[in-house]
Amino acid sequence: MKRVTLVWLILCLLLMGALMQACGGKEGEKDHEEALMAVTIVYDNYEYDPRLKTAWGFSCLIEGLEETVLFDTGGDSAILLGNMRALGIDPSGIDVIVLSHIHGDHVGGLFGLLAENSAVKVILPESFPANFKDEARAFGAELIEVHEQMEICSGVYSTGELGSGIKEQSLVIKTKKGSVVITGCAHPGVVNIVRKAKALLDTQVYLVMGGFHMLGMGENQIEAVIAQFKEEGVQRVAPCHCSGDLTRELFQEVYGEDFIEVGAGKIVELER
Ligand SMILES: [Zn+2]
Ligand SMILES: [Zn+2]
(Lines give C-alpha, C1' and ligand atoms only; values in the text may rest on other atoms or scores of the structure.)
(Ligands and ions follow the chains in the order given, each with its own letter.)
Protein backbone atom coordinates (compact mmCIF):
# COMPACT_ATOMS: atom_id res chain seq x y z
CA MET A 1 0.00 0.00 0.00
CA LYS A 2 2.78 2.37 0.98
CA ARG A 3 4.55 1.90 -2.33
CA VAL A 4 1.31 2.64 -4.24
CA THR A 5 0.85 5.91 -2.26
CA LEU A 6 4.42 6.91 -3.04
CA VAL A 7 3.90 6.25 -6.75
CA TRP A 8 0.72 8.39 -6.69
CA LEU A 9 2.58 11.14 -4.88
CA ILE A 10 5.37 11.16 -7.47
CA LEU A 11 2.82 11.15 -10.31
CA CYS A 12 0.94 14.07 -8.71
CA LEU A 13 4.17 16.06 -8.31
CA LEU A 14 5.12 15.41 -11.95
CA LEU A 15 1.66 16.48 -13.09
CA MET A 16 1.84 19.66 -11.01
CA GLY A 17 5.27 20.44 -12.43
CA ALA A 18 4.02 19.96 -15.98
CA LEU A 19 0.98 22.15 -15.30
CA MET A 20 3.11 24.92 -13.81
CA GLN A 21 5.43 24.81 -16.79
CA ALA A 22 2.49 25.00 -19.19
CA CYS A 23 1.04 27.98 -17.32
CA GLY A 24 4.44 29.65 -17.23
CA GLY A 25 4.75 29.13 -20.97
CA LYS A 26 1.36 30.70 -21.60
CA GLU A 27 2.20 33.68 -19.43
CA GLY A 28 5.42 34.16 -21.33
CA GLU A 29 3.50 34.13 -24.60
CA LYS A 30 1.00 36.60 -23.21
CA ASP A 31 3.85 38.96 -22.27
CA HIS A 32 5.11 38.69 -25.79
CA GLU A 33 1.71 39.43 -27.27
CA GLU A 34 1.23 42.53 -25.10
CA ALA A 35 1.47 45.59 -27.32
CA LEU A 36 4.68 47.41 -26.63
CA MET A 37 6.23 50.42 -28.25
CA ALA A 38 9.86 51.42 -27.95
CA VAL A 39 11.33 54.88 -28.21
CA THR A 40 15.06 54.81 -29.00
CA ILE A 41 17.04 58.03 -28.76
CA VAL A 42 19.32 57.84 -31.79
CA TYR A 43 20.75 61.37 -31.61
CA ASP A 44 21.26 63.60 -28.62
CA ASN A 45 23.86 65.81 -26.96
CA TYR A 46 23.48 63.78 -23.75
CA GLU A 47 25.33 60.49 -23.61
CA TYR A 48 23.67 57.25 -22.60
CA ASP A 49 25.17 54.37 -24.60
CA PRO A 50 28.93 55.03 -24.95
CA ARG A 51 29.01 53.24 -28.34
CA LEU A 52 27.07 56.16 -29.83
CA LYS A 53 28.33 59.58 -30.84
CA THR A 54 26.80 62.57 -29.14
CA ALA A 55 26.25 65.89 -30.89
CA TRP A 56 23.97 68.88 -30.46
CA GLY A 57 20.53 67.93 -31.73
CA PHE A 58 17.77 65.37 -31.28
CA SER A 59 16.28 62.36 -33.02
CA CYS A 60 14.36 59.34 -31.81
CA LEU A 61 12.91 56.23 -33.45
CA ILE A 62 9.50 54.98 -32.38
CA GLU A 63 8.79 51.30 -33.09
CA GLY A 64 5.78 49.15 -32.31
CA LEU A 65 3.24 51.50 -33.89
CA GLU A 66 1.28 50.95 -37.10
CA GLU A 67 4.24 52.62 -38.83
CA THR A 68 7.88 53.05 -37.77
CA VAL A 69 8.38 56.73 -37.10
CA LEU A 70 11.59 58.73 -36.91
CA PHE A 71 11.05 61.99 -35.07
CA ASP A 72 13.63 64.60 -36.11
CA THR A 73 16.98 63.69 -37.66
CA GLY A 74 19.65 65.43 -35.57
CA GLY A 75 22.08 67.84 -37.21
CA ASP A 76 24.40 65.49 -39.08
CA SER A 77 23.40 62.48 -41.19
CA ALA A 78 26.78 60.73 -40.77
CA ILE A 79 26.33 60.72 -36.98
CA LEU A 80 22.66 59.77 -37.30
CA LEU A 81 23.36 56.83 -39.63
CA GLY A 82 26.42 55.77 -37.62
CA ASN A 83 24.38 55.72 -34.40
CA MET A 84 21.63 53.72 -36.12
CA ARG A 85 24.20 51.20 -37.32
CA ALA A 86 25.63 50.88 -33.79
CA LEU A 87 22.11 50.11 -32.54
CA GLY A 88 21.33 47.68 -35.37
CA ILE A 89 18.63 49.95 -36.82
CA ASP A 90 18.12 49.62 -40.59
CA PRO A 91 17.17 53.01 -42.13
CA SER A 92 15.07 51.18 -44.73
CA GLY A 93 12.68 50.15 -41.95
CA ILE A 94 11.56 53.76 -41.41
CA ASP A 95 8.11 54.55 -42.85
CA VAL A 96 7.55 58.10 -41.63
CA ILE A 97 9.88 60.97 -40.73
CA VAL A 98 8.37 63.74 -38.64
CA LEU A 99 10.30 67.02 -38.46
CA SER A 100 9.51 69.21 -35.47
CA HIS A 101 10.91 72.56 -36.67
CA ILE A 102 13.32 74.04 -39.18
CA HIS A 103 16.45 74.33 -36.97
CA GLY A 104 19.51 72.55 -38.30
CA ASP A 105 20.02 70.41 -35.19
CA HIS A 106 16.65 68.73 -35.97
CA VAL A 107 16.54 68.61 -39.78
CA GLY A 108 20.26 68.49 -40.71
CA GLY A 109 20.30 64.69 -40.95
CA LEU A 110 17.31 64.44 -43.32
CA PHE A 111 18.88 64.53 -46.78
CA GLY A 112 21.61 62.02 -45.91
CA LEU A 113 18.92 59.72 -44.56
CA LEU A 114 16.72 60.17 -47.64
CA ALA A 115 19.73 59.14 -49.75
CA GLU A 116 19.53 55.76 -47.90
CA ASN A 117 15.74 55.49 -47.83
CA SER A 118 13.50 57.80 -49.82
CA ALA A 119 10.42 55.55 -49.66
CA VAL A 120 9.12 57.54 -46.71
CA LYS A 121 6.53 60.11 -45.85
CA VAL A 122 8.07 63.30 -44.49
CA ILE A 123 5.66 65.15 -42.23
CA LEU A 124 6.75 68.73 -41.74
CA PRO A 125 5.32 72.08 -40.66
CA GLU A 126 3.68 73.92 -43.55
CA SER A 127 5.82 76.98 -42.72
CA PHE A 128 9.07 75.28 -43.81
CA PRO A 129 10.88 77.13 -46.63
CA ALA A 130 9.97 76.09 -50.18
CA ASN A 131 13.56 75.19 -51.13
CA PHE A 132 13.77 72.72 -48.23
CA LYS A 133 10.52 71.05 -49.34
CA ASP A 134 11.72 70.95 -52.98
CA GLU A 135 14.99 69.30 -51.99
CA ALA A 136 13.18 66.63 -49.93
CA ARG A 137 10.79 65.96 -52.83
CA ALA A 138 13.74 65.69 -55.22
CA PHE A 139 14.84 62.57 -53.29
CA GLY A 140 11.44 61.04 -54.05
CA ALA A 141 9.97 61.41 -50.58
CA GLU A 142 6.26 62.07 -50.15
CA LEU A 143 5.73 65.31 -48.22
CA ILE A 144 2.81 65.98 -45.91
CA GLU A 145 2.55 69.57 -44.74
CA VAL A 146 1.02 70.14 -41.33
CA HIS A 147 -0.77 73.20 -40.08
CA GLU A 148 -3.56 71.99 -37.80
CA GLN A 149 -3.41 68.92 -35.54
CA MET A 150 -3.67 65.65 -37.47
CA GLU A 151 -3.46 61.87 -37.09
CA ILE A 152 -0.23 60.48 -38.57
CA CYS A 153 -1.07 56.80 -38.16
CA SER A 154 -3.27 54.85 -35.74
CA GLY A 155 -3.01 56.52 -32.32
CA VAL A 156 -0.18 58.88 -33.34
CA TYR A 157 -0.88 62.59 -33.74
CA SER A 158 0.84 65.85 -34.59
CA THR A 159 -0.07 68.81 -32.40
CA GLY A 160 0.00 70.89 -35.57
CA GLU A 161 2.15 73.98 -35.87
CA LEU A 162 2.36 75.74 -32.51
CA GLY A 163 4.07 78.97 -31.51
CA SER A 164 4.16 82.45 -32.91
CA GLY A 165 7.91 82.69 -33.52
CA ILE A 166 9.50 79.42 -34.58
CA LYS A 167 6.65 77.14 -35.59
CA GLU A 168 6.99 73.65 -34.20
CA GLN A 169 4.99 70.41 -34.12
CA SER A 170 5.24 67.75 -31.42
CA LEU A 171 4.15 64.11 -31.42
CA VAL A 172 1.35 62.80 -29.23
CA ILE A 173 1.01 59.02 -28.95
CA LYS A 174 -1.98 57.34 -27.34
CA THR A 175 -1.06 54.65 -24.81
CA LYS A 176 -2.89 52.69 -22.10
CA LYS A 177 -1.52 54.91 -19.35
CA GLY A 178 -2.14 58.25 -21.08
CA SER A 179 -0.45 60.07 -23.89
CA VAL A 180 3.26 60.13 -24.62
CA VAL A 181 4.39 63.54 -25.83
CA ILE A 182 7.65 63.87 -27.77
CA THR A 183 9.11 67.33 -28.29
CA GLY A 184 11.97 68.51 -30.50
CA CYS A 185 13.05 71.81 -28.94
CA ALA A 186 9.72 72.92 -27.42
CA HIS A 187 10.09 76.50 -28.72
CA PRO A 188 6.33 77.14 -28.24
CA GLY A 189 6.82 76.36 -24.53
CA VAL A 190 6.81 72.82 -23.15
CA VAL A 191 3.82 73.50 -20.86
CA ASN A 192 1.82 74.85 -23.81
CA ILE A 193 2.63 71.65 -25.70
CA VAL A 194 1.46 69.54 -22.73
CA ARG A 195 -1.83 71.49 -22.63
CA LYS A 196 -2.30 71.04 -26.38
CA ALA A 197 -1.66 67.28 -26.03
CA LYS A 198 -4.22 67.02 -23.22
CA ALA A 199 -6.84 68.82 -25.29
CA LEU A 200 -6.02 66.81 -28.41
CA LEU A 201 -6.66 63.37 -26.91
CA ASP A 202 -8.71 64.39 -23.88
CA THR A 203 -6.48 62.19 -21.71
CA GLN A 204 -3.80 62.58 -19.08
CA VAL A 205 -0.20 62.96 -20.18
CA TYR A 206 1.81 59.94 -19.10
CA LEU A 207 5.25 60.96 -20.34
CA VAL A 208 6.93 64.01 -21.86
CA MET A 209 10.22 63.28 -23.61
CA GLY A 210 12.68 65.35 -25.65
CA GLY A 211 14.03 68.90 -25.65
CA PHE A 212 12.23 71.15 -23.14
CA HIS A 213 14.03 74.36 -24.25
CA MET A 214 14.90 75.34 -20.68
CA LEU A 215 18.66 75.73 -21.04
CA GLY A 216 19.75 78.94 -19.35
CA MET A 217 16.63 79.23 -17.15
CA GLY A 218 17.18 80.09 -13.50
CA GLU A 219 16.15 77.83 -10.62
CA ASN A 220 12.94 79.76 -9.90
CA GLN A 221 11.82 79.62 -13.52
CA ILE A 222 12.55 75.90 -13.74
CA GLU A 223 10.69 75.21 -10.49
CA ALA A 224 7.69 77.12 -11.84
CA VAL A 225 7.65 74.89 -14.95
CA ILE A 226 7.93 71.74 -12.81
CA ALA A 227 5.00 72.96 -10.68
CA GLN A 228 2.96 73.46 -13.88
CA PHE A 229 3.85 69.93 -15.01
CA LYS A 230 2.53 68.62 -11.68
CA GLU A 231 -0.61 70.76 -11.97
CA GLU A 232 -1.23 69.38 -15.46
CA GLY A 233 -0.83 65.86 -14.07
CA VAL A 234 2.22 64.85 -16.13
CA GLN A 235 3.23 61.49 -14.66
CA ARG A 236 6.74 60.93 -16.03
CA VAL A 237 9.43 63.06 -17.65
CA ALA A 238 12.48 62.43 -19.82
CA PRO A 239 14.11 65.79 -20.63
CA CYS A 240 17.17 65.82 -22.88
CA HIS A 241 18.68 67.88 -25.74
CA CYS A 242 18.06 71.60 -24.96
CA SER A 243 16.58 71.03 -21.50
CA GLY A 244 19.78 71.89 -19.61
CA ASP A 245 21.63 70.17 -16.76
CA LEU A 246 19.92 72.15 -14.01
CA THR A 247 16.48 71.36 -15.48
CA ARG A 248 17.32 67.66 -15.48
CA GLU A 249 18.58 67.82 -11.89
CA LEU A 250 15.54 69.66 -10.57
CA PHE A 251 13.05 67.47 -12.46
CA GLN A 252 14.81 64.41 -11.08
CA GLU A 253 14.55 65.75 -7.50
CA VAL A 254 10.79 66.25 -7.84
CA TYR A 255 9.89 63.28 -10.06
CA GLY A 256 12.22 60.71 -8.44
CA GLU A 257 11.66 57.32 -10.08
CA ASP A 258 9.37 58.93 -12.65
CA PHE A 259 12.32 60.85 -14.06
CA ILE A 260 13.83 58.84 -16.93
CA GLU A 261 17.44 59.64 -17.69
CA VAL A 262 17.76 59.66 -21.46
CA GLY A 263 20.55 60.34 -23.91
CA ALA A 264 21.85 58.88 -27.19
CA GLY A 265 21.17 55.13 -27.19
CA LYS A 266 18.54 55.00 -24.44
CA ILE A 267 15.55 52.77 -25.23
CA VAL A 268 12.30 53.46 -23.39
CA GLU A 269 9.73 50.67 -23.66
CA LEU A 270 6.10 51.57 -23.10
CA GLU A 271 2.79 49.68 -23.12
CA ARG A 272 0.56 50.76 -25.95
ZN1 LIG B 1 15.29 74.80 -32.18
ZN1 LIG C 1 17.19 71.89 -30.81
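Helix α2 spans residues 77-87, and its buried residues are S77, I79, L80, L81, N83 and M84. A residue is buried if 20 or more other C-beta atoms lie within 10 Å of its own, exposed if 12 or fewer, and partly exposed in between. After α2 comes G88, with a positive phi near 75 degrees.

## Basis of the description

The model is predicted: local features need pLDDT of at least 70, side-chain atom pairs count only at pLDDT 80 or more, and totals for chains, interfaces and linings use all residues. Residues are numbered from 1 along each chain as its sequence is written, while chains are lettered from A and ligands numbered from 1 in the order in which they are written.

## Overall composition

Eight helices and 13 strands make up the secondary structure of the chain. Helices (H or I, at least four residues) and strands (E, at least two) are DSSP runs, numbered from the N terminus. The chain has 272 residues, of which 40% count as buried. Among contacts between residues at least 6 apart in sequence, 65% join residues at least 24 apart.

## The six-stranded sheet

An open sheet of mixed pairing is formed by six strands in the order β7-β8-β9-β10-β11-β12; two strands pair if DSSP finds at least two bridges between them. At the edges, β7 (150-153) and β12 (236-240) each pair on one side only. From one strand to the next, the twist averages 20 degrees.

Strands β9 (residues 171-175) and β10 (residues 178-183) run antiparallel and are joined by five bridges. One bridge partner is S179 in β10, which pairs with K174. Helix α6 (residues 190-201) packs on the sheet, touching β8 (156-158), β9, β10 and β11 (205-211), and its direction makes about 140 degrees with that of β10. Axes are lines fitted to C-alpha atoms, for helices over the stretch in contact, and angles run from 0 to 180 degrees between N-to-C directions.

## The α7-α8 pair

The axes of α7 (residues 219-231) and α8 (residues 245-255) come within 10 Å and cross at roughly 45 degrees. The two helices are therefore oblique to each other, a class left over once angles under 35 degrees (roughly parallel), over 145 (roughly antiparallel) and 65 to 115 (roughly perpendicular) are set aside.

In this pair, E219, I222, E223 and I226 of α7 meet L246, T247, L250, F251 and V254 of α8. The residues of this contact comprise six nonpolar, one polar and two charged; Ala, Val, Leu, Ile, Met, Phe, Trp, Tyr, Cys and Pro count as nonpolar, Asp, Glu, Lys and Arg as charged, and the others, Gly among them, as polar.

Key. Contact = placed C-beta atoms within 7 Å.
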